[in-house]
Amino acid sequence: MELKKVQGLKGEVTIPGDKSISHRAVMFGSISQGLTEVTNFLQGADCLSTISCFGKLGIPIENTPEKILIHGKGLHGLSAPSEQLDAGNSGTTVRLISGILAPQPFSVTLTGDASIQKRPMKRIIEPLTQMGASIKSINGNGCAPLSITGSPLKAIHYTSRVASAQVKSAILLAGLYGDGETMVTEPYVSRNHSEIMLRHFGASVTTKDTTVSILPEPKLSGQKIEVPGDISSAAYFIAAGLLVPNSEILIKNVGINPTRDGILKVAKEMGGNITLLNVNEKQGEKVADLLVKSSSLHGITIKGEIIPTLIDELPIIAIMAAYAKGTTTIKDAAELKVKESNRIDVMVENLSAMGCDITATEDGMIVHGSAPLKGAVIDSKLDHRIAMSFAVAALCADGITEIKGSQCVNISYPAFYQDLERLTK
Ligand code: S3P
């Protein structure tokens with residue numbers, strides 16, 4: 001894919017469904033009794049992997065153009081799959097489903113693509129094992145493929161070293177099958193979609209500061225879920241609208257859950273002109289339209305408890321920083337190293353190729369605003385967020401930018417390039 005400088009972005013874009021919420025709708029619908037109807041489901045490869053796994057676990061799921069229909073069979077309704085489960089590129093699928101599979105009365109092998117087989121799974125193996133689960137990393141490296149032998153689970157209070165919604169959710173899901181109240185404490189609050197949606201399905205979930213508790217064996221019943229647009233996908237249009245001169249974009253139907261809205265806070269602190277319109281709520285998730293206008297940005301420091309609320313947006317924030325005036329410092333973000341790629345190294349390598357003055361640190365990066373950048377050949381490492389970030393960087397750079405492996409946007413935003421292109425017309 002080749003992209004080049006544009007003179008302005010104008011118009012409206014409706015963002016596809018939130019990836020985290022789409023995964024959870026399928027998972028929680030599958031272990032609830034009766035029909036769950038999901039609209040605005042994200043038809044990206046990751047969420048389709050989740051559908052495929054629950055199909056193999058005996059849950060009838062109809063994927064129609066208007067909605068997903070999940071014929072849930074209740075907490076104890078899953079059946080043994082006849083083959084291994086394949087999570088593809090999806091960390092959320094592997095980690096959350098492990099919490100559901102650990103207490104089942106059958107054994108499963110769970111695998112995924114080359115990237116997944118390098119991502120750390122000890123972070124869920126350890127707490128689930130403390131609960132009594134039997135989970136083995138087949139290659140002994142703490143990564144997938146995982147062999148899970150169903151076992152009875154006991155409730156624990158787990159203190160996590162990382163603020164990770166995937167770890168928290170795996171434990172809460174296992175806690176549905178525990179022998180008492182299960183609790184998770186994390187260093188900072190991570191995204192809380194599991195808590196909101198589990199309550200909506202009928203679970204008893206309590207949140208106090210950075211601790212979440214869940215009671216076992218609730219009666220979960222099928223629900224209607226309307227998935228908000230994904231703020232992580234909207235982030236590319238927020239950045240593009242701010243960075244490209246003469247731009248005005250209305251980004252419609254964006255989830256602005258406060259555990260996900262760090263990008264809005266950072267963009268505004270950098271000087272971005274963003275207005276929230278039509279703020280409303282869908283099944284406990286806040287949603288709004290965002291009006292974004294070209295702005296002159298300046299560097300800031302990003303660290304601490306805001307990091308989990310924008311963890312997936314740090315690549316596109318680094319692009320904003322590259323075009324901002326002054327220095328942006330990102331700290332407390334070592335988690336970036338264990339995403340779909342090592343996002344610290346990959347951002348530094350590719351932004352350097354475009355002429356940006358950027359340095360990797362142990363837990364983040366330091367970006368010195370370096371506009372004008374020049375087009376370059378970008379290796380996405382098949383990481384969707386890297387490909388989309390550099391597609392935006394290309395819109396303000398001199399010359400041509402070529403993105404290798406550009407089709408990896410299928411993971412979270414299959415129509416990304418078409419939606420971007422429409423705004424240039
Ligand atoms: C996700 C949580 C985040 C995020 C990932 C999706 C989720 O991971 O990076 O893209 O759906 O729970 P961590 O919670 O492990 O940081």
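**Reading the sheet and its helices**

Tutor: Strands β7 (residues 107-111) and β9 (residues 146-149) are paired antiparallel over four bridges. Strands (E, at least two residues) and helices (H or I, at least four) are DSSP runs numbered from the N terminus, and two strands pair if DSSP finds at least two bridges between them. The model is predicted: local features need pLDDT of at least 70, side-chain atom pairs count only at pLDDT 80 or more, and totals for chains, interfaces and linings use all residues. Residues are numbered from 1 along each chain as its sequence is written, and side-chain values use heavy atoms, with hydrogens and water left out.

Student: Which residue of β9 does Ser-107 stand opposite?

Tutor: Ser-107 faces Thr-149.

Student: In what order do the four strands of the open sheet lie?

Tutor: The order is β6-β7-β9-β8, with mixed pairing. β6 and β8 (134-137) are the edge strands, each pairing on one side only.

Student: How is burial read, and which residues of α2 are buried?

Tutor: Buried means under 20% relative accessible area, exposed over 50% and partly exposed in between (1.4 Å probe, protein chains only). In α2, the buried residues are Asp-46, Cys-47, Ser-49, Thr-50, Ile-51, Cys-53 and Phe-54. With contact meaning heavy atoms within 4.5 Å, these buried residues pack against elements including α1 (19-30) and α3 (91-101).

Student: Where is Pro-145, and what is the omega of its bond with Ala-144?

Tutor: Pro-145 is in the loop between β8 and β9. Its peptide bond with Ala-144 is cis, with omega about 5°.
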